[in-house]
Amino acid sequence: MEALSLLQWLIDGLIGIGLLWLAWRALFCPELFKAIVLFIAFGLLMTLAWVRLKAPDVALAEVAIGAGLTGALLLSSWAKLRDFDANKGMGVREKNRVQSEQKTKRPFFHWLSATPVLLMAVGLGYGVLQLSPYATGLSTAVAENLDASGVSNPVTAVLLNFRAYDTLLEIAVLLLALIGIWSLEIRPSVREATLDPVLDLLARLLTPLLLLVSAYLLWVGAHASGGAFQAGSVLGAAGVLLILAGWRLPLSLAGLPLRITLVVGLSTFIAVAVLMMLDRGQLLAFPPSQASLIIFVLETTATLSIAAILAALFLGSRPDHSEKI
Amino acid sequence: MTLSDYLSVLFLLAGAVFFLAGTVGLLRFPDVYTRLHALTKADNVGLGLIVIGLAMQAESYASVGKLLLIWLLVLLAGSSISHLIAKKALQKGVRMWRR
Amino acid sequence: MSIAVLYALVGIGLFCLGVYALMIHAHLLRKILALNIMGSGVFMVLLALAGRTEIMPDPVPAAMVITGIVVAVSATAFALALMLKISAVTGRAELNDEEEK
Amino acid sequence: MNWNDWLPLLLIACSLVPGLIIFGLAEQRVRLRTTLNLSGSVINLLLVAWMLWGVYHGQHFETRLPLLPGLDLVLRAGPLSLLFVTLSAVLWLLTTIYAIGYLEGSPHRSRFFGFFSLCVSATIGVAMSGNLITFLLFYELLTLATYPLIVHRGTEVARHAGKIYLRYTLIGGGLLMFATVWLYTLTGSLEFTPQGFLHALGDEHRPALVMIFILFIAGFGVKAALIPLHGWLPLAMIAPAPVSALLHAVAVVKAGAFGIVRVVYDVFGINFATDLGVTAPLAWLAAFTILYASMRALYQDDLKRRLAFSTISQVSYITLGIAIAGPIAAIGGVVHLVHQGLMKITLFFCAGNLAETLGIHKISEMDGVGQRMPWTMAAFTIGVFGMIGAPPTAGFITKWYLGMGALEAGQSWVIWVLAGSSLLNAAYFLPILHRVWFRKPPKHWPEEHDFGRQETSWMLLLPPIITAFLALGAGLVAAAAFSPLAWAKLIAEREFY
Amino acid sequence: MGDFLLTMPWAVVLILLPLVGAIVCFLWPKNVNQLGLVTLAGVFLSVVGLGAWLLENGVYHHAVGGWNAPLGIHLYADGLSLVMLGITALVGLFVSVYATAYFDRVQSEQFWPLWLFLLTALNALFLSADMFNLYVTLELLGLSAVALVALAGGKAALNGAMRYLLASLLGSLLFLFGVALLYHTYGSLDLAILSEQIEASPTVWMALGLISAGLLLKTALFPLHFWLPPAHASAFSPISALLSALVVKASFYLLLRLWLELFWPISGSVAGLLGILGVMAILWGSLQALRQTRVKMLVAYSTVAQIGYLFLAFPLAMGAGVTAWNAVMYLAISHALAKAAMFMAAGNLLRFGGHDRIADLDQLAQRLPLTVAAFALAGVSLIGLPPSGGFIGKWLLLEAALMQGRWDLAVVIVLGGVLAAMYLFKVLGYAFTEASTPSKVTAVPVRMEWAALLLASGAILLGFLAPLILPLLAIGTPFDAFSSAQEVMS
């Protein structure tokens, strides 16, 4: 690998410094709101970095999930926190709030924490510099087996065939997070009732488009960047938009039908795993001839579930319990 | 470099100038409404110019279409969101700047 | 120095910043932000070092990072919900140190 | 499968199983509980008799179950084991009868009898252990099972006594475990062997072995109440009388003393221990305990506390007998295991009778009690003479052999200790007898219960009379074939020749 | 039947069955209790099946997806995994029975899916041989555990849950960083491949540091234990039981596995450090437990102390290899049984009297004899008194310590037992005192009392089962690589 050219130096150096600066600001600027906005900006810059690192799949995931959905979650949480504060209704609340937002532990503790962290940074840096400058990792192994995987995008091949077991557990994590949140029994926020015509219009325009994009990402994932997670998060974003615009799932669908949608991805995964186990004696072993079809089925159901879970994560409260509380 | 390349550079540079102006406006203008104004106007035009500059380099019409789509989407999102921000600011009673 | 090492070092920087912020901040939202930035740092190291090759970059780290991002968003969503619940019950989005005693 | 392989385990089971069942019984199932208790102890006695006969005729009874790689749970019936087992079995039966009478109508009896049976199982286990790890196992079980009996009354004082008891015994247990494992790492064996299994070890291990010996003595010394490890015993007298009687006259303190016997004889071997130079300090410590505890006993007004200090003093006779390291003294020490048990349990039964019948707890309240309760006090008197060592009681036999043994081993200073101890015993016991028989009874006893024609309930009266009789008999027929003395001689022979 | 036992892919069932159970419980919450118990019974049987398989065939390998390492993920089971799986299933079964009586309708609908997710994570963790896959299972484990803590809903529980969540996420990220370094050094995530190639280098040292730090944080070894007492003490009692008995053990297991099999060329030289932390954990945890005024907090600090014991084996493993590891595994499983029983007993007291203040226990304890018996039996094992699993564990550990002349550790082992006795009898002393005034009480379901008692009896029974369990543990000789490596070096 040749040394970096000056332009590359400039771009990558700027991205690197920008990332560090944004992270620093996001973590230490006094106002929480600014911090969140800076964090979203950080996520976008990360996306750029992923592109520079020739990982467009990750860039897509980052922009949709890392910056987009996480950002939306952070902002909505921030707004709810502020509502709590407002409900407490104290005259000096603004000052209090700002103080609590930047409250840290005692200065002595700062040094106590900074020293080992710095040591760790130095150690890690040294460790990384000691690594061999050339390494192919598993890329050759992936390339050799790509034909048998049923897809031509190596990242998708890894995610849904070579290491499909990880992905199965990962969808389980996603579902688990939602079940965990639901068991917290958070009250639905009341203030979202006001409808905004512009937002409504935006939602109406964008939702079909997002659906389309999602379908495209799902389909294209087999041979180019994209795949279930990216598609699912775009679809989930449509859900978030609808939620923001005040749209709610009808109660008749919020019970079992919703739950089935939430688990269909994971269930299909398990069902396929078991079928393959029965058929070929090995968990998640797809016959190469049918691999692409199986992966497509897996991805489609996963997209559906991921989208539903992400939107539900954003909503926070359990839709079928809302009237009980 | 061909003529289209030169034109591309020109459009891209012009776009960058607009972006710069928008950013300066965002930082320097006195209140939220004027800042929104500066940002959206300059960015929409700036993005448009950059899209044109890139479209000249595109390999297929599909790519041109995608670029245009990006521009339209940003227009849509930008205008709706600045509308929402301005509305919220009005609701909260943020005063407009007067000289 | 290659681009891989450059980004890996940036990743280490992000990770360490995150650890530091996690330790010293009291507000839970900040702690959650710090964890996310730490996570980004790890992902960056993981992915940056995959580029130490002239052929196609190693796809396995990319897959790992995508998995990691999804896990991170799950954890973040749960953490935020928990924070809101704490704030609703205690009135503060901080950990109550006094309660231990 | 050989029947003899399971007999030792069965022996433990026949007190353990009734105990576990009793835990589950409702408080008012008195009849069932009594039946279980008594049948358990009777079966126990029969089994012991069977095994005594068997061992006398050279049969082997050994249960061996794997516990750890290279270490088994071993229960073996040898002469020394059976001496202790017999004592426990006989006294268990008597104490059970006594306890049923004593606790009539008081709360938590299921709990009491459950733990009581557990204690007996543990004691029998201690007696039959064939190696150190088994010994340790039952020894700790004994600690645990006695704790609920000490705190049985549920008062704050009882809880405090229990806490102190645990503090002493668990630390002692920790030291024992330490010593045992250390020994194991040195030798790779823990099997009790006549004349010990350590003499084959090289000279370089001697300092370690001395340390191990000290640890063992410190560990067992807690239960054997060697000064200065005796602090828990007087406090533990808060427990109900049957507990004090069986456990603090027999089970717990004897387990400690028995442990010392085992370690000196079957782990180190008496010759090797003498060679190491550890027996002489042990003898001094025992002698000091005998004298010091007697001195303390002089100043106690509480009857049970005086008996407790007397126990501390008397148990050390056993240690002394072992530590003198001569065959005749060994006979004295080993036989005292039985003799002291019989005599001391008599005294505790009597003290319990006084408390239960007349509400007397203090010696100063005992004026003329011999007229009110002649049978009880007669038993008491026999016990007292035994303690002093007057012929023809069992205590005399002990002191005779100890004295002869000391002379034989060339340690004539022991004679002075024995004489001094007898004198002190007389000094703290005879005034009681004087009060009991020659002073005028007061008009009212502190808290009198009426038992009709008898002086007290027959269940309370019978056990002390029997034990007093046994104590007397052990002295009178000491030359008979199955007397404790005969067994002690058998044991000493095995160790010394 | 025998054939069936040997042909079923039990390891796969162990992972998928609880996962399916969780989904079904989530979809149709009507009969969660029955569904959950059936799942647990199935898991238990599967462990038995896996055990039979392992006894017959030695270690178990399964290349998921038919892709061999380094491309694919391997499932792997040897004696060490089997024992962990077994104890998980056993404790899980009893806690589940307990939970059916403990929770009300709404609570059990929330409890079961989360608990089955937790079980999935535990089983998957014990069976995985892939570093990144282990990371995912760790996250699954951490999230489900935190969600379970938060179920209690009160101030203390939520705070405890948050602290736990932050610690757990930090731990996972440290772990992941270590995995990243390892992957980029050796180009593989498979444990077996990595362990063949690994050698000392700055990068590997950093990976060891990061992974160990992350796992120690999750295992709550002193001084990283700060999150454990509030989380374990404030959760619902059956959940405290699961956390203390199993979840903490999972990260410990992983640490053990990685130090033994992965980092063997270098981990020996820093094992002393873990030993020192273990000693401090024993002392600090015990002293803190002595200071507590509430039963559950006391039991939670006792966990901090008992975790310390597990780490004493690391410095001892060099000379007395297998003995030390056997000791530590025995301690781990007896602690799992005893601590679960103890938390369940504490839960009974709490349910009965509405509080767990130690000083006021006299009004409660003696009216719940079964519960007190459970507490006492569990205590016997924790103190290490014979006959109990804890005794066997401590015996082996002491043996290992004395064999190498580590007097300091030997003294701490014994001292820790005495301290444990002191704090546990602080509670038990009240079991026999007379109640001053009768307080208002709520009946405790029989199931809850018996579940605790049986589990505690299990801890005692373990004292006699060593000849059965130690050979199981030796399947696949999980401890050999490390020990022989240490011998070669010294």
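This is a tour of a predicted model, moving from its chain contacts to its nonpolar cores and then to some details of the backbone.

Next, select chains C and E, where 28 residues from chain C and 22 residues from chain E make up the contact. On the side of chain C that touches chain E, helix 1 (3-24), helix 2 (28-48) and helix 3 (59-90) of chain C each contribute at least two residues, and helix 3 of chain C gives the largest share, 13 residues. By class, this side of chain C has 18 nonpolar, six polar and four charged residues.

From there, turn to the largest nonpolar core, which has 600 residues and in which L47(C), L82(C), A313(E), A340(E) and A341(E) have the most contacts. Helix 13 (residues 295-353) of chain E gives the most to this core, 39 residues, while domain 1 (1-103) and domain 2 (142-325) of chain A each supply at least three. Centre the view on L47(C): leaving aside residues up to four places away in sequence, L47(C) touches W50(A), L53(A), A55(A) and V58(A) in chain A, together with P61(C), A62(C) and V65(C) in chain C.

Staying in chain A, select L284(A), in the loop between helix 12 (256-280) and helix 13 (288-315) of chain A; L284(A) has a positive phi of about 60° although it is not a glycine. L284(A) is buried, because 30 other C-beta atoms lie within 10 Å and 20 or more are enough for that class.

In chain D, go to the loop between helix 7 and helix 8, which holds A225(D), another residue that has a positive phi of about 60° without being a glycine. A225(D) also counts as buried, with 30 C-beta neighbours inside 10 Å. P228(D) is found in the loop between helix 7 (206-224) and helix 8 (232-236) of chain D, and the peptide bond from I227(D) to P228(D) is cis, with omega near 5°.

Finish in chain E at P70(E), in the loop between strand 1 (60-63) and strand 2 (74-77), where the peptide bond from A69(E) to P70(E) is cis, with omega near 10°.

Key
Residues numbered from 1 in each chain as written. Chains lettered and ligands numbered in written order. Predicted model: local features only at pLDDT ≥ 70, side-chain atom pairs only at ≥ 80, totals over all residues. Contact = placed C-beta atoms within 7 Å. Helix = DSSP H or I, 4+ residues; strand = E, 2+ residues; numbered from the N terminus. Nonpolar A, V, L, I, M, F, W, Y, C, P; charged D, E, K, R; others polar. Core = buried A, V, L, I, M, F, W, Y, C linked by C-beta atoms within 7 Å. Buried ≥ 20, exposed ≤ 12 C-beta atoms within 10 Å, placed from the backbone. Domains from an automatic or database assignment.
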